[in-house]
Amino acid sequence: MHILITSGGTTEKIDQVRGITNFATGTLGKLLAEQFLAANHTVILLAGLTAVVPDSHPKLTIIRISDVTSLISSITKWIPLSDVCIHTMAVSDYTPVYMTDLDTVKQTPDLTDLLTKHNLEHKISSQQDYQVLFLKKTPKVIAMIKPLNPAIILIGFKLMVDVSTEQLIQTARQSLMANKADYILANDLTTISETQHLGLLVGQHDILEAQTKQDIAALIVSKSEETYDNYHDRRNR
């Protein structure tokens with residue numbers, strides 16, 4: 001199979017020296033890539049700029065991703081060529097539009113006027129005590145995947161914080177339906193540590209549990225292969 005994995009996080013530039021990012025390390029994406037490679041699959045890994053990645057391998061291609069725009073460009077190219085997409089990347093929900101000092105904001109009668117402005121300087125001045133940063137929502141990348149390749153096997157991730165198991169499953173099922181995914185790996189930040197990573201792989205008809213990142217990676221590889229084989233068996237009948 002040809003596997004596309006997104007891993008780590010995106011970084012949205014404020015100016016040439018600053019950006020908004022997240023704490024995703026890409027560790028799980030790295031494990032996934034390694035286990036798919038060990039099973040003799042071909043892997044394209046779209047990795048954030050600071051994400052950890054596997055050692056070089058003849059069946060592995062690593063492409064570094066900076067922001068949401070570069071991620072969309074890469075998935076547009078690779079999704080139609082892939083059999084499976086594992087979308088683990090922590091994608092920025094918002095991207096900067098304009099940053100200015102608080103006094104300017106106070107003196108602007110209509111704040112929407114500031115949404116059409118852009119910071120032209122390479123480094124925004126840090127002389128003011130307060131700055132106001134305007135952000136706009138980024139596109140939902142997972143929602144773009146199935147339209148680019150309806151036959152692709154899609155496994156997405158949903159991270160929540162300190163919620164009940166019932167809410168975790170309900171939210172995963174909502175994402176499953178909204179994005180036409182085959183599985184959603186639902187996890188809670190409060191159950192993730194260096195030694196454990198509790199996860200629920202939620203499908204339309206089943207829910208499978210994993211206790212560690214290694215377990216999650218092995219489970220996803222297994223279910224991807226099983227789903228791929230079942231899909232092609234049905235097509236060949």
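Analyst: Accessible areas come from the Shrake-Rupley method with a 1.4 Å probe, and for residues only the protein chains shown count as cover. By that method the protein exposes about 13000 Å², and carbon and sulfur atoms supply 52% of this area. The model is predicted, so local features need pLDDT of at least 70 and side-chain atom pairs count only at pLDDT 80 or more, while totals for chains, interfaces and linings use all residues. Residues are numbered from 1 along each chain as its sequence is written, and side-chain values use heavy atoms, with hydrogens and water left out.

The protein has 6 helices and 12 strands; helices (H or I, at least four residues) and strands (E, at least two) are DSSP runs numbered from the N terminus. Its C-alpha trace spans about 70 × 40 × 35 Å along the principal axes. Of the 237 residues, 44% are buried. Buried means under 20% relative accessible area, exposed means over 50%, and partly exposed is in between (1.4 Å probe, protein chains only).

Now to your question. The structure holds 6 salt bridges, a salt bridge being a side-chain nitrogen of Lys or Arg within 4 Å of a carboxyl oxygen of Asp or Glu. Three of the residues involved, Asp206, Lys223 and Glu226, are linked in a network of salt bridges.

Aspartate 206 lies in the loop between E11 and strand E12 (207–210), whereas lysine 223 belongs to helix H6 (residues 213–236), so the pair ties together parts that are 17 residues apart in sequence. Aspartate 206 is partly exposed, its relative accessible area being 23%. Lysine 223 counts as buried, with 9% relative accessibility.

Lysine 223 also takes part in a second salt bridge, in which its side chain meets that of glutamate 226 at 3.1 Å, N to O. Both residues of this pair sit in helix H6, 3 residues apart, which means about one helical turn separates them. Glutamate 226 is partly exposed, at 38% relative accessibility.

The side chains of arginine 18 and aspartate 15 meet at 2.5 Å, N to O. Aspartate 15 is buried, with a relative accessible area of 5%, while arginine 18 is partly exposed at 27%.

In helix H2 (residues 68–78), the buried residues are Val68, Ser70, Leu71, Ile72, Ser74, Ile75 and Trp78. They pack against several elements, among them strand E1 (2–7), strand E4 (42–48), strand E5 (60–65) and helix H4 (142–148). Packing is judged here by contact, which means heavy atoms within 4.5 Å.

Helix H4 contains isoleucine 145, which is buried at 1% relative accessibility. Not counting residues up to four places away in sequence, isoleucine 145 touches Ile75, Ile79, Cys85, His87, Ile152 and Leu154. Ile75 is also one of the buried residues of H2. The C-alpha atom of isoleucine 145 is separated by 11 Å from that of leucine 4, although the two residues are 141 residues apart along the chain.

Asparagine 179 has its place in the loop between H5 and E10 and counts as buried at 11% relative accessibility. With residues up to four places away in sequence left out, asparagine 179 touches Ile142, Ala143, Lys146 and Leu154. Leu154 is touched by isoleucine 145 too.

These cases can be set against a total for the whole protein. Among contacts between residues at least 6 apart in sequence, 64% join residues at least 24 apart.
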